[in-house]
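I opened my notebook to look up a few contacts in this structure. My entries follow in the order in which I made them.

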Amino acid sequence: MNERPPPPAAPPAEPVFRARGLTKVYHSGIDVEVRALNGIDLELFAGELVVLLGASGSGKSTLLNILGGLDVATDGSLEYLGANLSGADERELTQYRRDTVGFVFQFYNLIPSLTARENVALITDIARDPMEPEEALGLVGLGPRMDHFPAQLSGGEQQRVAIARAIAKRPAVLLCDEPTGALDVKTGITVLEAVERVNRDLGTLAAVITHNAVIAEMADRVIHLSDGRITHIERNAARRPARTLAW
Amino acid sequence: MRPLDRKLLRDLTTMKGQMTAVGLVMVCGLAVMIMAHSLILSLESTRAGYYARNRFADVFVEMTRAPNALRSRLEAIDGVQALDTRVRGALRLNLPGIAEPADGFILSLPEDRPQQLNLLHLRAGRLPEIGSRREVVISAAFAAAHGFRPGDTVEATIYGARERLRIVGIALSPEFVIEARAGQIVPDPRRFGIFWMNERELATAFDLLGAFNNAVFGLAPGADTRAVIAEIDRLLVPYGGLGAYDRGEHPSARQLDDELAGLRVSAIAFPLIFLSIAAFMTSAALTRLVRLQREQIAQLKAFGYSPGEIGLHYFKFALVVVIGATAAGVGLGYWLGVLVVGVYHRFFNFPELVFQPNWPAVGLAFAASAASSFLGVLGAIRQAMRLPPAEAMRPEPPADFRPSAAERLGLARLVSPAFRMALRNLERKPWQAFFTALGLVFATAIPILPGVMRDGISHLIDFQWSLTQRQDVTLGLIEPASAAGLHALERLPGVQAAEPFRAVPARLRVGHREHRVGITGLPREARLSRLLDAQGRPAQLPLTGLLLSEALAGMLDVRVGENVRIEVQEGRRPVLEAPVAGVITDFTGVGAYMELGALRRLLGEGRTISGAHLTVDAARWNDFLVAVGEAPRIGTMTITAAMRQSFTDTMAQMMGTMQAIYYGFAIIVAFGVIYNGARIALSERSRDLATLRVLGFNHREVAAVLIGELALLTLLAIPLGLALGTWLARLIVEVSATETVRLPLILTARTYALAVLVVLGSSGLSFAVVGRRIRKLDLLGVLKARE
């Protein structure tokens, strides 16, 4: 692994995502409206590592879900590389997720009946230009354990399989929702290292949700959310290597 | 309402599809159970009331001629409580507008003494007046078939003499609940009727004045029937007694017994199958529910609910289904019962046959389904009761998987990851897979039963009336005739071929087993009325010995080569030991057959005949009928095509009704089982499936993962189901075989194909329903929830 801290990425001119006035309203019960997102304006760029920071209910998961094509906004527009995502139908969103997005969830969501290698192969089977499952697992340092079933792996190992599964398709975007939420510090750091490495080596735009402010130090930019709005965006002068983090 | 019961109702609402599937299968079993038990009750109580009220006789006997003076000696037999002596004979009817002649029995009604037994139940009109002439009462079924009313007249030939008879009454008799010709099993009321006439007039017509040729006995309670029969036979030897018999050998009573026996099979076999399947389904559904509600159970326990209360809560799920299914089963069973009673009305002549629901059977049905589902959910309930709260509140550890057997055998490279998931899921929960597969096996097996019934009926009809009986007409003479009699029949207009037969009543004995049966003598190379073996090949009559119906050989427990004691009940009443030379296949009634010459030698007769089987030129059919109508010595005429028609109309209709019921049930079971299995698989796999959708799999790809598993089970279950269905069909054909009718076991590719089609169709439909659910999977919720 590279010992030097990663150089700050210079933002390129054309954003990967461009959100304007992005709003999401949930109707829970009669006449009860929850504004999960309330007019978000945001641009994310290729090769960036951003952290979305906010309290529970701040709208960060909703934003991530909309970016990932799991949900659609009620109002506002979202463009991916100039293509309008806000008007996409279910079939187009499926295709978008399939080709473009890698997901990592808090609870791993591995298929328990498939081995690590097979969980990754599940994705490489349907992707356009995938790497070999072995290569993806190697990137997250799981080469020797790839024939184990999820039940035979530790939490950190399972999460790293989930990362390998997310990156095996060489996604343009890697979205991680509380990837360390269910893990202890040591394991959490190995997982963050894997995210960091994918972002650096493959140039993937990575967005990580967390409510752990320490993790924000490894990002290029930190986006603070509260009550469905972006309160401020800070740019770190230097990304701190994940392995030096502690909480 | 207690909160736990409110939870029950809400949970049931969300599981309504599955619970309905389980309930429907239960409804099928309960409906058959209630229908069959209620029909048994209806028939038995109607029969018991009818037999008692109208004093149905216990013992019956026919003889050539016995003087009235013998009456007092018969009455004096120990155990005899009542006696009626009668004149009984055949008559032929010349009905205007009916192409084929009809015939029937005519029985005397006593004039000088009250009638003791087999009292008529008058539907309309009155009995003949004492001393009246040519007044008759006719049977209700015959009257209905022809629209006869009291006051109408009918022309008949009685013992060779033409008479115009005046109908004064229309009646039923407990002797003729099933009103069919001797040796035939299906009623044909257009061509066969029962007549009653004053004794003196009828005795005069049959040249039996001061004598009788038929007697019926009522026995005292506790009388020894066998001893009474033996004494009657002894007394009647000099008078040409044909051997007394009891209700067990009385054609109408016997057939009613056989119908009841068949219902008893249905009342047990089908509910057993359906309720077992329902129990498996309940078990699978509730086990899954308990697993899903693991955390809720832990919380309830943490709040202080006892394991017993929680166990009861989950048992109530099954109980609600059982109560609903019992209510629906009673309704459906009642409706089906009324439907079947409607068919019975064409078959059984009772003064009043109404469908009576058997309420104790409803209670039994409720208890049986409650018990079966309780057994089914016991495992799930125990699991719920045992769960320690602290452990249950932690998420379940990831399921432990390992490579499946197929992969360990090195086939891993051949299968896709989706298929691998299916294989491993099945292997990891072998019991669940086993029960789902078992349900599918039954779902495949059950449609085979109605198929076998359908093919059995059509084979029976073809076998009986195309392969075996190839004559157009069978003529029976009023009494045996010599060779000249055959020539007279051969010379009837239009007759192309004639084959004589000689029939005598006899009692066959093997050890302590015995059976009253007609022995028919046929020419060795019979071409019209043929005897066939099980493979449908003509069986040649041996020069010595007998051929027996396979069923008769079974009843007598006699094998080919063993001896049977033949006691002829006519003429000189010879007794002979003869070997069984072979068995023949027939499906209605039973019979014994000898070579014509051998039978005549046994009887010590010359070239006698009882009648002949004929083929008749269709172009001269009307001339033939006219000539038969004018021939005084012809007693009965049976037209093969008409017999076939009446069988198709009655027996086939009755069986057809049952067949339709079972087809309906088969489809319900198939769909219910597969749908239930699919829903359970969906619920277990929903997290995996939602994950796949998030990762970019489309609906079809995700559905393929789920359906792969079910399809694998279905494919595995189909051959086993076909085997089980074959076995069940064989079992049911065997246990429901009676002397009256035995369905052949005919297994056709069509039956199997239809069974497979039912299962695949149900699978397709279930998969479509589940596929729609996959579209509605909550992608976000499933990712937040813990396993």
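Before the first entry I noted how axes are set: each is a line fitted to C-alpha atoms, for helices over the stretch in contact, and angles run from 0 to 180 degrees between N-to-C directions. I also noted that the model is a predicted one.

Entry: two helices of chain A. I looked up helix H5 (residues 155-167) of chain A and helix H6 (residues 185-202) of chain A, which pack at an angle of about 15° with their axes 8 Å apart. Angles under 35 degrees count as roughly parallel. That makes H5(A) roughly parallel to H6(A). I wrote down the crossing of H5(A) and H6(A) as right-handed. Next I listed who meets whom. On the side of H5(A) I found A:Gly155, A:Gly156, A:Gln159, A:Arg160, A:Ile163 and A:Ile167. On the side of H6(A) they meet A:Thr187, A:Thr190, A:Val191, A:Ala194, A:Val195, A:Val198 and A:Leu202. I sorted the residues of this contact of H5(A) with H6(A) into seven nonpolar, five polar and one charged.

Entry: a strand of chain A. Is strand E3 (residues 49-54) of chain A buried or exposed? I found six of its six residues buried, so E3(A) is largely enclosed by the rest of the structure. I then checked both faces of E3(A) and found them covered. A:Leu49, A:Val51 and A:Leu53 are buried on one side, and A:Val50, A:Leu52 and A:Gly54 are buried on the other.

I went on to the partners of E3(A). It pairs with strand E8 (residues 205-210) of chain A in the parallel sense over five bridges. E3(A) also pairs with strand E9 (residues 221-226) of chain A, in the parallel sense and over five bridges. I followed A:Leu53 across: its bridge partner in E8(A) is A:Thr210, and in E9(A) it stands opposite A:His224.

Entry: two helices of chain B. I looked up helix H7 (residues 251-292) of chain B and helix H9 (residues 307-344) of chain B, which pack at an angle of about 145° with axes 10 Å apart. H7(B) passes H9(B) in a right-handed crossing. From H7(B), B:Thr282, B:Leu286, B:Leu289 and B:Val290 meet B:Tyr314, B:Phe317, B:Ala318 and B:Val321 of H9(B).

Entry: How many residues does the contact take from each chain? I noted 22 residues from chain B and 23 residues from chain A. The largest share of the chain B side, five residues, comes from H13(B).

Technical notes. Residues are numbered from 1 along each chain as its sequence is written. Chains are lettered from A and ligands numbered from 1 in the order in which they are written. This is a predicted model: local features need pLDDT of at least 70, side-chain atom pairs count only at pLDDT 80 or more; totals for chains, interfaces and linings use all residues. Two residues are in contact if their C-beta atoms, placed from the backbone, lie within 7 Å. Helices (H or I, at least four residues) and strands (E, at least two) are DSSP runs, numbered from the N terminus. Angles under 35 degrees count as roughly parallel, over 145 as roughly antiparallel, 65 to 115 as roughly perpendicular and the rest as oblique. A crossing is left-handed if the near helix is turned anticlockwise from the far one by less than a right angle, and right-handed if clockwise. Ala, Val, Leu, Ile, Met, Phe, Trp, Tyr, Cys and Pro count as nonpolar, Asp, Glu, Lys and Arg as charged, and the others, Gly among them, as polar. A residue is buried if 20 or more other C-beta atoms lie within 10 Å of its own, exposed if 12 or fewer, and partly exposed in between; C-beta atoms are placed from the backbone. Two strands pair if DSSP finds at least two bridges between them.
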